[in-house]
Amino acid sequence: MSSHVTIPETSLWANRKCLLLCCLVSTANMQYGFDSAAVGALQAMPGFLKVFGYEDPTSPLGYGIGSTFQRLITSLLTLGSFLSSLIAGSFSAYLGRRQALWLACILNAAAVAIQIATTNKGVLYLGRFLLGLANGFFVTFSNVYTAEAAPAHLRGVMVALFAYWVNIGSILGATVDNFTRVHMSKASYQIPLGCLYIVPTILAIGLFFVPESPRWLLHKGRDSQARASLNKLRGTSVESQYIELEWAEMVRGVEEEKKLEKSIGFLDMFRGSDLRRTLLCYGMIGCQTASGIWFLIGYQTYFLALAGITKSFEFSVMNTVIGFIGVNVGMVCIRHVFGRRSILMIGATACGLCQLASAVAYTVNSGSTTTGKILVAFTAIFYFFYNGCVGAASYPVATELVSSRLRAWTVGTATSLGYMLAWLVGFCSPYFINPEDLNWGPKYGYIWAASNAICVVFFFFFMPEMKGRSLEELDEIFQAKTPTWKFTQFQCTIRDEAAFDMAEHLPIAVTVRVKG
């Protein structure tokens, strides 16, 4: 036997069963993308404004919308997501990833029914909040599941399905709004809201065919179920002895984690090597907001209308399609071209430059047609690079940074932090862009250019390269307190130890080390 044992790299086609299951679970993220695009566009839709806004002869839309109402319908969704993500760790102590997603489907159904039926602002606020609770569980547990279910060399691609489905949801949300905006009746916004029933219905049925996370089952002492789940996920992608090796590595990893366990998960996140992992995870999710993406998602249609761009709906659809193209390019780059750190730095640099260019153009000449074209162009470029780099890599990085025992706790609280920051952006942005307040408009981009520069510094000095490592190997590397720049050179022993543990039962062939 060689001194270092590895599991052979296999293709996406060979892992098609696992890919299909992870793809199904990841559709949960489509809800957030659809709702964000649809509700952001509703704010510029006369049919919606006729019910929840007020007549304004000076507005090109014929109606106005109060800044308080505008903030609340966006921010209450985020607040609900913040709270449900925050309790994800407590929930996972008792129930698994599938049960959490089923609960989210139920909450979603109730929230959508409330929003469709009411014409009262207070009741609409309640519906937005409940939908946020559902979205928090959808995002947290779908990404935790795919990180725990995917093979190490394909984890980046499978968890990046998060960005894939968010963008599909955004495209569909903007497209549906574009076709219903011509209606002056309540149907103009009730139809887009009703579409929020589709994905949870498919997901709720599909989850009956999805095995529970093998790592969650193993941590709960349900070894036989965990092994059956792993076998179902891997199928025939590799020979049986390699599944046995992965299983042995998972078992040894859980044993090592239990030795380090000192208290409940929430406190353990801030002890020893887990403190570093928690802070890095929080920083990664925080960098999503720092890019300025939530501002553009929530307000791009309104923002483009203020800039004098008459076809703001069409441009919104164009931007989401460009973002989707970016996701596909990013997934290929994550798998075959760049490491995690490189793609994150490229993305943050490009996003910062796009925000800066838009702000400078608007500062020089705020009312010209040329400025409008520049705003459209750099917003589109921003969407491409955000979705292809920061968006595609954020959850693969965030979920693999943390230990298996604390994954729901850490990713859940990190997601809640991201929602809190997004809530602040949603709450504060109208003050910056609305004519009745600061009236900055696109000059708001100066702030986001600076925050992207900070992200580049963070990625360069603190974010380690984790591509191709199993989750158990990452546990070992962090436990050894390895500096950021030495991650790629660290020689792990956990897989060799796992191989020796099972050597008496199955001979293990040695292959080339996984690169993806």
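Predicted model: local features only at pLDDT ≥ 70, side-chain atom pairs only at ≥ 80, totals over all residues.
Residues are numbered from 1 along each chain as its sequence is written, and side-chain values use heavy atoms, with hydrogens and water left out.

Helices are DSSP runs of H or I with at least four residues, numbered from the N terminus. The axes of helix 1 (residues 16-26) and helix 9 (residues 161-180) come within 9 Å and cross at roughly 50 degrees; axes are lines fitted to C-alpha atoms over the stretch in contact, and angles run from 0 to 180 degrees between N-to-C directions. The two helices, helix 1 and helix 9, are therefore oblique to each other, a class that holds the angles left over when those under 35 degrees (roughly parallel), over 145 (roughly antiparallel) and 65 to 115 (roughly perpendicular) are set aside. Contact (heavy atoms within 4.5 Å) is made by Leu19, Cys22, Cys23 and Ser26 of helix 1 and by Leu161, Phe162 and Trp165 of helix 9. Of these residues, six are nonpolar, one is polar and none is charged.

The whole structure contains 12 salt bridges, each defined as a side-chain nitrogen of Lys or Arg within 4 Å of a carboxyl oxygen of Asp or Glu. One of them joins the side chains of Arg128 and Asp35, at 2.9 Å from N to O. This pair links distant parts of the chain, with Arg128 in helix 7 (residues 121-149) and Asp35 in helix 2 (residues 30-42), 93 residues apart. Arg128 is buried at a relative accessible area of 3%, and Asp35 is buried at 1%; buried means under 20%, exposed over 50% and partly exposed in between (1.4 Å probe, protein chains only).

A salt bridge also connects Asp475 with Arg277, their closest N and O atoms being 2.9 Å apart. Here Asp475 lies in helix 23 (residues 471-479) and Arg277 in helix 16 (residues 272-290), 198 residues apart. Both Asp475 and Arg277 are buried. Salt bridges with shared partners join Asp268, Arg271, Asp274 and Arg405 into one network. Within it, Arg271 and Asp268 meet at 3.2 Å, N to O; Arg271 is partly exposed at 35% relative accessibility, whereas Asp268 is buried at 2%.

Key. Nonpolar A, V, L, I, M, F, W, Y, C, P; charged D, E, K, R; others polar.
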